Amino acid sequence: MMIHRDGDWLAAKVGDELVMMSAAKGNYIGLSAVGARIWELIETPQTIESLCDALVAEYDVDAATCRAEIEAFLATLGQHDAIRIEGA
């Protein structure tokens, strides 16, 4: 399953965090540094496995925790129509 960015989201870095806005929907999302990193990684379509591999290499987190957190984060992005998942 591949995760793609979706929609017309504008993003701006504020320190280590990212503030995103959908002009069409008027929605705002604030992302932590890790959330901003995931958003950066999915600039090109990624699998959950590739995201987890990248984050485990960059942060002090085990693979199982990382996967669970990524899935929860992606669910939130999905609720805001910021991503689409192919092959789900």
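Biologist: What puts arginine 37 and glutamate 40 about one helical turn apart?

Modeller: This is a predicted model. Arginine 37 and glutamate 40 both sit in helix H1, residues 33–41. They are three residues apart there, so about one helical turn separates them.

Biologist: Why is the pair of arginine 37 and glutamate 40 called a salt bridge?

Modeller: The closest N and O atoms of arginine 37 and glutamate 40 are 2.4 Å apart. The cut-off is 4 Å, so the pair counts as a salt bridge. Side chains of opposite charge can pair when their charged atoms come close.

Biologist: What makes glutamate 40 partly exposed?

Modeller: Its relative accessibility is 43%. Buried means under 20% and exposed means over 50%. Glutamate 40 falls in between, so it is partly exposed.

Biologist: How do you know that arginine 37 also meets glutamate 58 in a salt bridge?

Modeller: The N to O distance is 2.8 Å. That is within 4 Å, so this pair passes too. It links distant parts of the chain. Arginine 37 is in helix H1, and glutamate 58 is in helix H2, residues 48–58. The two residues are 21 residues apart. Glutamate 58 has 39% relative accessibility, so it counts as partly exposed.

Biologist: How many salt bridges does this rule give?

Modeller: The count comes to seven. One of them joins aspartate 6 to arginine 84.

Biologist: What makes aspartate 6 and arginine 84 a salt bridge?

Modeller: Their closest N and O atoms are 3.9 Å apart. The limit is 4 Å, so the pair is counted. Aspartate 6 lies in the loop between strands S1 and S2, while arginine 84 lies in strand S5, residues 83–86. They are 78 residues apart. Asp6, Arg84 and Glu86 are linked in a network of salt bridges.

Biologist: Are aspartate 6 and arginine 84 buried, partly exposed or exposed?

Modeller: Aspartate 6 has a relative accessible area of 31%, so it is partly exposed. Arginine 84 has 36%, so it is partly exposed as well.

Biologist: Why is serine 22 called buried?

Modeller: Serine 22 is found in strand S3. Its relative accessibility is 2%. Buried means under 20%, so serine 22 counts as buried. Leaving out residues up to four places away in sequence, serine 22 touches Asp8, Trp9 and Asn27.

Biologist: What makes the approach of serine 22 to lysine 25 a polar contact?

Modeller: The side chain of serine 22 reaches the backbone nitrogen of lysine 25 at 3.3 Å. The cut-off is 3.5 Å, so the distance is within it.

Biologist: Which residues of S3 are on its covered face?

Modeller: Leu18, Met20 and Ser22 are on the covered face. Glu17, Val19 and Met21 are on the uncovered one. In a regular strand the side chains alternate between the two faces of the sheet.

Biologist: How do you know that S3 pairs with S2 and with S4?

Modeller: Pairing needs at least two bridges. Six bridges join S2 to S3, so these strands pair. Five bridges join S3 to S4, so these pair as well. S2 and S3 run antiparallel, and so do S3 and S4. Methionine 21 of S3 stands opposite leucine 10. Methionine 21 also stands opposite tyrosine 28 in S4.

Biologist: Which glycines take a positive phi in these hairpins?

Modeller: In the hairpin of S2 and S3, glycine 15 has a phi near 65 degrees. Two residues lie between those strands. In the hairpin of S3 and S4, glycine 26 has a phi near 70 degrees. Four residues lie between those strands.

Biologist: Which residue other than glycine has a positive phi?

Modeller: Aspartate 81 is one, with phi near 55 degrees. It is found in the loop between H3 and S5. Its relative accessible area is 38%, so aspartate 81 is partly exposed.

How values were computed. Residues are numbered from 1 along each chain as its sequence is written. This is a predicted model: local features need pLDDT of at least 70, side-chain atom pairs count only at pLDDT 80 or more; totals for chains, interfaces and linings use all residues. Side-chain values use heavy atoms; hydrogens and water are left out. Buried means under 20% relative accessible area, exposed over 50%, partly exposed in between (1.4 Å probe, protein chains only). A polar contact is a pair of N or O atoms within 3.5 Å; within protein, one must be able to donate a hydrogen and the other to accept it, and residues adjacent in sequence count only if both atoms are side-chain atoms. Contact means heavy atoms within 4.5 Å. A salt bridge is a side-chain nitrogen of Lys or Arg within 4 Å of a carboxyl oxygen of Asp or Glu.
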